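Here's a quick briefing on a protein with a ligand. Have a look at the model first, then come back for the notes.

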Amino acid sequence: MSLAGKLARRITVSGPISIADFMAEALGNPRNGYYTTRDPLGRAGDFTTAPEISQMFGELVGLWCADLWSRMGRPSPVRLVELGPGRGTLMSDALRAARALPGFPEAIDLHPVETSPVLRDRQRAALGDRATWHERLDEVPPGPVLLIANEFFDALPVRQFQRTAEGWAERLVAFGPDGGEEPRFRLVLAPVAPPLPGRLSARPGDVVETCPVGRSIAAEIGRRIAEHGGGALIVDYGYAGPAFGDTLQAVRNHAFAPVLDAPGEADITAHVDLSALLDAATCLPGVSGWGPIEQGDLLRALGLGEREAALSARAPDRAAEIAEAADRLAAPERMGRLFKAIAIAPTGLGPPAGFETAPHRP
Ligand code: SAH
């Protein structure tokens with residue numbers, strides 16, 4: 001049975017489900033989830049990410065890691081963890097750049113965290129057998145950690161709450177005819193207690209999103225850094241919340257698609273509340289958060305201009321293509337502003353590279 005069929009039956013039998021449950025099934029169902037069944041990346045897929053646009057992205061992330069590792073006192077081994085590595089492109093570009101710092105490559109112990117079997121195969125092809133894969137961050141062995149996540153948190157399930165004239169309601173996914181049409185997935189409202197404190201200014205119609213799974217992963221990152229030292233760099237499209245707004249979107253074939261219509265066939269994401277992740281990651285003493293800063297500012301601070309010049313000097317016939325990729329990653333009207341970065345590190349290490357002017361204040 002199709003995933004849509006299974007979800008329709010489940011809802012018919014036991015009632016509407018949260019948007020988070022719908023999203024978790026659509027993306028991660030072990031038999032017919034979107035990520036379980038395909039490699040969605042690249043021109044032939046549904047969307048393209050920064051590391052797939054240019055090797056410069058992963059190389060600069062590798063230099064960010066090398067700098068932090070030096071300042072951590074060069075621990076060996078250091079767990080290099082990536083959440084949701086896609087095709088493994090970012091990691092293999094980062095590892096190549098890491099060779100610039102003697103001793104660093106030998107210290108690295110690689111731990112990709114990936115649930116999709118299809119993408120694990122792609123990652124194995126890119127990274128070889130030196131990595132140890134995990135389904136969840138909490139399976140990664142303890143020890144000093146450098147953690148990277150690009151376009152990972154946007155794929156985690158969100159719940160949505162809507163202010164109504166009578167109070168707060170959760171937006172749930174129901175299945176059925178809507179005034180005589182064919183039955184389909186549609187949103188209904190179910191009264192709930194206020195989802196977050198301090199929302200008194202909400203007006204009827206306002207929507208808030210929360211990402212409980214994202215917050216608990218961020219808390220786990222903070223816990224590891226507090227206990228064992230290290231740092232994390234998280235990049236995603238999103239905002240510095242709290243804020244109102246329905247940001248749920250589906251993408252298929254590089255174009256927006258209806259969110260509820262074809263579970264398992266389209267990528268479903270929500271914009272990431274990067275401040276909420278920082279709050280969750282920094283609740284233990286001794287751990288500081290940095291950002292959010294714009295992706296363009298981060299990449300320029302890490303040396304995007306110099307990398308672009310060096311690559312173009314080596315391959316003059318590709319100079320225009322390299323310049324176009326740098327522009328796409330960093331220009332504010334392209335990916336440079338919508339995509340933002342945050343960092344988490346022990347307070348004693350000071351600001352991670354690129355975050356010097358952007359301490360997070362909870
Ligand atoms: N970071 C890559 C891929 C981004 S797509 C890049 O920038 O190109 C999202 C990635 O997260 C995919 O690899 C997907 O399979 C993985 N993913 C999604 N949900 C996950 C979860 N709950 N646990 C682990 N990996 C997950």
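Predicted model: local features only at pLDDT ≥ 70, side-chain atom pairs only at ≥ 80, totals over all residues.

Residues are numbered from 1 along each chain as its sequence is written, and side-chain values use heavy atoms, with hydrogens and water left out.

**Helix α8**

- Leu-119, Arg-120, Gln-123 and Leu-127 are buried in α8, which spans residues 117–127 (buried means under 20% relative accessible area, exposed over 50%, with a 1.4 Å probe and protein chains only; helices are DSSP runs of H or I, at least four residues, and strands are E runs of at least two).
- Those four sit on the same side of α8 because they cover an arc of only 105 degrees around the axis, taken from the directions from the helix axis to the C-beta atoms.
- Just past α8, Gly-128 has a positive phi of about 75 degrees.

**Ligand site**

- The ligand is surrounded by 17 residues, and the closest are Thr-49, Gly-84, Gly-86, Glu-114 and Asn-150 (a residue counts if one of its heavy atoms lies within 4 Å).
- A ligand oxygen lies 3.1 Å from a backbone N or O atom of Gly-86, within the cut-off for a polar contact, a pair of N or O atoms within 3.5 Å.
- A polar backbone atom of Asn-150 is 2.8 Å from a ligand nitrogen.
- The protein covers 90% of the 570 Å² of accessible area that the ligand has on its own (Shrake-Rupley method, 1.4 Å probe).

Note on methods. Polar contact = N/O pair within 3.5 Å; in protein donor to acceptor, adjacent residues only side chain to side chain.
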